[in-house]
Amino acid sequence: MRDAVGVRRVVVTGVGLVSPLGVGTAATWEGLLAGRSGAGPITRFDASAFPVRIACEVKGFDPLDFVERRSLRKMDTFSIYAMAASLLAVEDAGLAAPVPAPDRTGVIIASGIGGFETIEREHGNLLARGPRRISPFFVPNMVVNLAGGNVSIRLNARGPNTAPATACAAGSHAIGDAFRLIRFGYADAMVAGGTEATITPMCIGGFARMRALSTRNDDPERASRPFDRDRDGFVVGEGSGVVFLEERERALARGATPYAEVIGYGMTGDAFHITAPAANGNGAVRVMRAALDEAGAAPEEVDSVNAHGTSTPLNDRIETAAIRKVFGDHADRLVVNSTKSMTGHLLGGAGGLEAGIACLTLRHQIVPPTINYETADPDCDLDVAPNVARPARVRSVLSNSFGFGGTNAALLFRQPDVSEGLDP
């Protein structure tokens with residue numbers, strides 16, 4: 001079936017999540033609905049000398065559940081998380097490796113940074129033991145596109161294969177790009193999302209030096225507090241979110257039950273600052289409008305926004321103003337949540353995780369809360385589903401992602417319409 005402009009429709013039939021709230025989609029969703037924080041003291045390294053000593057780590061993850069032991073030294077943790085989320089998404093879609101129609105199935109898995117653990121470890125080997133002690137797997141472990149590369153090999157997916165590295169918008173760009181590849185006929189199915197594993201000394205130290213992180217070291221579970229007046233920075237998270245996208249007719253023909261239909265994708269640039277969002281929110285305004293325009297949707301058709309919502313003073317205020325500008329009076333009827341309050345900020349993995357959460361919101365008709373909302377900020381005056389998950393009628397969800405360098409992405413999902421069935 002083709003829509004009015006002659007392009008194909010795209011649905012999400014599988015969701016795979018590995019997050020600080022749990023390994024697997026069900027565990028993550030359960031944690032979100034319970035309003036549980038994934039934050040705690042850093043255990044990945046000795047952070048006692050650091051000004052920030054908290055993060056949202058993935059707990060209870062066994063890489064051998066997803067990767068053969070002999071392959072572990074060939075894959076950085078960010079790639080292993082991506083492999084896990086991808087296999088979970090494919091399984092959730094009712095498929096298995098190798099995927100059917102491999103030449104028409106692609107992989108786009110993004111990361112903002114890539115193999116940071118590998119870079120730090122091998123640089124340490126170089127300094128301590130000399131160049132001959134650098135691992136021969138250093139480069140393939142490190143580079144951003146090897147997360148998707150490893151997944152494509154495992155699934156025998158031989159279609160389009162690429163990897164955006166657009167900072168904190170990367171996961172959303174991956175899904176949006178995959179959506180368009182299917183929409184315009186370059187693929188029939190795509191594994192798409194984002195991944196990150198950067199709870200390392202250099203990453204935590206670097207973001208701390210930028211004063212971007214919360215310093216609530218003695219109260220980590222309450223540190224990420226988007227839209228709250230007393231927010232003081234984000235909490236670094238890790239993990240991966242991947243969705244399985246398919247051309248709608250193919251999905252329905254094989255009996256799949258879609259979570260959502262992808263109907264719009266926007267991408268813009270601020271052209272303003274290397275780290276700060278544009279003060280007038282222009283990039284955020286234009287990217288949301290672009291997603292709505294592609295979908296042919298009126299602002300009133302959106303019921304919920306999974307905000308970028310980082311818990312930083314600048315982002316939350318500017319994003320609020322941008323949402324109000326795009327949605328006008330309807331902004332007061334939106335439920336605008338930030339699941340980063342629970343998962344932390346997965347950087348390049350955030351958009352993939354939050355897209356998966358948007359799809360779950362549509363299926364279950366429940367909006368996860370923004371936890372740690374205690375003191376209202378007059379500059380952040382939206383309904384943010386404070387502290388408690390909310391059953392609601394949700395027809396469509398907009399998911400925002402903004403990144404350093406002024407790169408922005410927005411994805412628009414709506415409830416799947418399967419009542420029409422297939423074209424005769």
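**Notebook: strands, helices and cores**

I began at the hairpin that β1 and β2 form, with 2 residues between them; helices (H or I, at least four residues) and strands (E, at least two) are DSSP runs, numbered from the N terminus. I noted that this is a predicted model, in which local features need pLDDT of at least 70 and side-chain atom pairs count only at pLDDT 80 or more, while totals for chains, interfaces and linings use all residues. Residues are numbered from 1 along each chain as its sequence is written, and side-chain values use heavy atoms, with hydrogens and water left out.

**Entry 1: strand β1 and its partners**

I looked up the pairing of β1 with β2 (residues 22–23) and found 2 bridges in the antiparallel sense, where two strands count as paired if DSSP finds at least two bridges between them. Within this pair, V18 has V23 of β2 as its bridge partner. I then followed β1 to β8 (residues 239–247), which runs antiparallel to β1 and is joined to it by 8 bridges; here V12 is partnered by L245. Strand β9 (residues 260–269) also runs antiparallel to β1, with 3 bridges, and V10 has V262 as its partner there.

**Entry 2: the nonpolar cores**

I next asked which residues touch the most other members of the largest nonpolar core. They are V12, L245 and F413, in a core of 45 residues, and helix α12 (residues 350–364) gives the most to this core, with 8 residues. A nonpolar core is a set of buried Ala, Val, Leu, Ile, Met, Phe, Trp, Tyr and Cys residues joined through side-chain atoms within 4.5 Å. A second, separate core has 31 residues, including V58, F66, A85 and L155.

Leaving aside neighbours within four places in sequence, I listed the contacts (heavy atoms within 4.5 Å) of V12, and among them are L245, V262, C359 and F413.

**Entry 3: α1 against α12**

I traced the axes of α1 (residues 25–34) and α12, which come within 11 Å and cross at roughly 75°; axes are lines fitted to C-alpha atoms, for helices over the stretch in contact, and angles run from 0 to 180 degrees between N-to-C directions. The two helices are therefore roughly perpendicular to each other, since angles under 35 degrees count as roughly parallel, over 145 as roughly antiparallel, 65 to 115 as roughly perpendicular and the rest as oblique. Where they meet, α1 supplies T25, T28, W29 and L32, and α12 supplies L353, I357, L360, T361 and H364.

I checked the length of α3 (residues 116–129), whose 14 residues should span 20 Å at 1.5 Å a residue, and its end C-alpha atoms are 20 Å apart, which agrees; the expected span is 1.5 Å times one less than the number of residues. F116, T118, E122 and N125 are buried in α3, and the buried residues of this helix pack against α4 (138–142) and α7 (201–209). Just after α3, G130 takes a positive phi of about 95°.

For α9 (residues 282–295), the 14 residues should likewise span 20 Å, and the end C-alpha atoms are 20 Å apart, in agreement. The buried residues of α9 are G283, A284, V285, V287, M288, A291 and L292, and what covers them includes β9, α10 (313–327), β14 and β15 (407–414). After α9 comes G296, with a positive phi near 65°.

Apart from neighbours within four places in sequence, S399 is in contact with N306, E354, A355, A409, A410, L411 and F413.

I found T195 in strand β7 (residues 189–196), where T195 counts as buried at 0% relative accessibility. Not counting residues up to four places away in sequence, T195 touches residues including F78, Y81, I109, G239 and G348.

Finally, I looked up A178, which lies in α6 (residues 170–183) and counts as buried at 0% relative accessibility. The C-alpha atoms of A178 and A192 are separated by 6.5 Å, although these residues are 14 residues apart along the chain. Beyond its neighbours within four places in sequence, A178 is in contact with I108, M190, A192 and L245.

Methods
Buried means under 20% relative accessible area, exposed over 50%, partly exposed in between (1.4 Å probe, protein chains only).
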